[in-house]
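The following note sets out comments on the structure shown below.

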Amino acid sequence: MAPMDLELVVTPGLGDASYLLASGGEAVLVDPQRDAWRFLEVAQRRRWRIRHVLETHVHNDYLSGAIETRAATDAEIVAPARGGYQFEHRPVDEGDTLEVGGIRLTALATPGHTPEHLAWLVTELGGEDEPTAVFTGGSLLVGSVGRTDLLGPALTDALTRDQQRSLQRLAELPASTRVLPTHGAGSFCSAGPIGGERTTTIGAEALANPAFRLAHATAEAFRTEALAELGRVPAYYAHMAAINRRGPRVLGRLILPPALDPPAFEAKAAAGVTIVDARDRDAFAAGHIQGSLNIELESAFSGYVGWLVPFADRVLLVLPDAAGALATATTELLRIGYERVPGWLKGGVEAWAASGRPLATYETTTMPAVARERAAGGGEAQGVLLDVRQPIEWQDEGVVPGSRQIFVADLAERVGELPPGRPVTVFCRTGHRASMAASILENAGVDVRLVSKGGAATWPAPLEPLPDESHAPAGASPPR
């Protein structure tokens, strides 16, 4: 029989992976993101024909590229029968199969991350009957499992029980079975820290994965582990599943937004369009357009745009001076449903300043410098010290003595809780989220200073437990 071949395509901005599995010149594409043209390029290079698109579940963290792929290749979309999809597809459930070249794929019902979730067992025809690999989607991950709370608290217990039973089924597979998950490092969809590797094996996870090791433990023990390390998820998640069930509109290719000179850019912004400045936090602090939001163009760009900018709102871009920055930013936005990008600032903030338009600035500092100032100035004499990390980080890692805590995603609505007229120094873990918070605070009229490098862990004294009267509730996960 024709040998099996596999291409793994990572999407760092979402922390996800998609797969092309091929045999005899035919391929299946598993869990593609909306920008499906990159998978088509791989298939063309490898001279594979994509025959099927497999979905493991209705995705909450990105818009699917299944329909996009079908439009380009006439591939059949194969998706969970219980997913509620409203477009043409082949509905499948437990035990259903399809064959590609010398490969058979068999659906395995693995609810938990979502009710309709399917894993796909991969068996080579003509060989042993045992599977060689399994696409686990959002069930078994590297070092963790898919979180079970995304549909809200009313269903969390039932889905957690389902997840445990699904893991029990996966644990019965041979130890050598290769595990090919969709969610990986950087994803908000995991129930705990994810390992750095993108793939693993059943045997490796049985040894090292805390939740997987509890698959046969009591329901309470598993529940405690599965729900213990849940952070907040981006606000845009609440919109993804409904669009994925309807099917995102077909794009055909990446269409880049136009370059705008300063007058045109200013006119768009004046009409209420959000300016997202994707440059480095230090460059932003040194000079930026008043009213812009600093979200660096790095691994979590799309997630935080989807958290801080109302869903599908128009976005103007100020970009770093790096090759491919425009295409990268536009693609990241398309993946989560932000299609309306009227343009980007040609020439950057240098052109803005050269046109006679003003740039705003604020100071940057370090945690040791703040500690010295506060020691010399007597407590909060130097202003408010604001921690914008996730609530789970405050609980697990502790907080800086005397600091206030407001998660960055809640900050715009809670600025009024800060003492009026006092300067604010903002920090997180690395400076990444603090830079977003600093721009939010400045836009609210606060005298702000940014800890741009390092954060809570670099405070030169022990952190203390989070007070019971925390300043920021954890908040509920969005509905699906």
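1. Cys 428 has a relative accessibility of 0% and therefore counts as buried, the limit being under 20%. Cys 189, at 1% relative accessibility, is buried as well. The model is a predicted one, and the count of disulfides in it is zero. That count rests on a cut-off of 2.5 Å between the sulfur atoms of two cysteines.

2. As to the chain as a whole, it comprises 16 helices and 22 strands. The radius of gyration is 24 Å, which agrees with the value near 23 Å that a compact globule of 480 residues would have. The C-alpha trace spans about 75 × 55 × 35 Å along its principal axes. Of the 480 residues, 56% are buried. Among contacts with a separation of 6 or more, 70% are between residues 24 or more positions apart.

3. Which residues have the most contacts inside the largest nonpolar core? They are Ile 295, Phe 301, Leu 317, Leu 386, Leu 411, Val 426 and Leu 441, in a core of 60 residues. Helix H16, residues 432-443, supplies the largest share of this core, with six residues. Another core lies apart from it and has 21 residues, including Trp 48, Ile 77, Tyr 85 and Phe 87.

4. The surroundings of Ile 295 deserve a separate point. When neighbours within four places in sequence are left aside, Ile 295 is in contact with Val 276, Asp 277 and Ala 278, with Phe 301, Tyr 304, Val 305 and Leu 308, and with Met 436. Phe 301, one of these partners, is also listed with Ile 295 among the residues that have the most contacts inside the largest core.

5. Ten aromatic pairs are found in the structure. One of them joins Phe 188 and Tyr 304 in an edge-to-face arrangement, with 6.4 Å from centre to centre and 80 degrees between the planes. This pair links distant parts of the chain, its members being 116 residues apart: Phe 188 belongs to the loop between strand E11 (178-181) and strand E12 (200-201), and Tyr 304 to helix H10 (residues 301-308). Tyr 304 counts as buried because its relative accessibility is 6%, where the limit is under 20%. Through ring pairs, Phe 188 and Tyr 304 form a cluster together with Trp 307 and Phe 407.

6. A charged side chain is also placed over a ring. Arg 357 lies over the face of Trp 352, and its distance from the ring centre is 5.7 Å.

7. Two backbone positions call for comment. Most residues other than glycine have a negative phi. Asp 31, although not a glycine, has a positive phi of about 50 degrees. Asp 31 is placed in the loop between strand E3 (26-30) and helix H1 (37-46). Is this residue buried or exposed? Asp 31 has 0% relative accessibility and so counts as buried.

8. Ala 312 is likewise not a glycine, and its phi is positive, at about 65 degrees. Ala 312 sits in the loop between H10 and strand E16 (315-318).

Methods: Residues are numbered from 1 along each chain as its sequence is written. Side-chain values use heavy atoms; hydrogens and water are left out. Buried means under 20% relative accessible area, exposed over 50%, partly exposed in between (1.4 Å probe, protein chains only). A nonpolar core is a set of buried Ala, Val, Leu, Ile, Met, Phe, Trp, Tyr and Cys residues joined through side-chain atoms within 4.5 Å. Helices (H or I, at least four residues) and strands (E, at least two) are DSSP runs, numbered from the N terminus. Contact means heavy atoms within 4.5 Å. Rings of Phe, Tyr and Trp (its six-membered ring) pair if their centres lie within 6.5 Å; planes under 30 degrees apart count as stacked, over 60 as edge-to-face and the rest as tilted. A charge sits over a ring if NZ of Lys or CZ of Arg is within 6 Å of the ring centre and within 35 degrees of the ring normal. The radius of gyration is taken over C-alpha atoms; the globule rule is 2.2 Å times the number of residues to the power 0.38.
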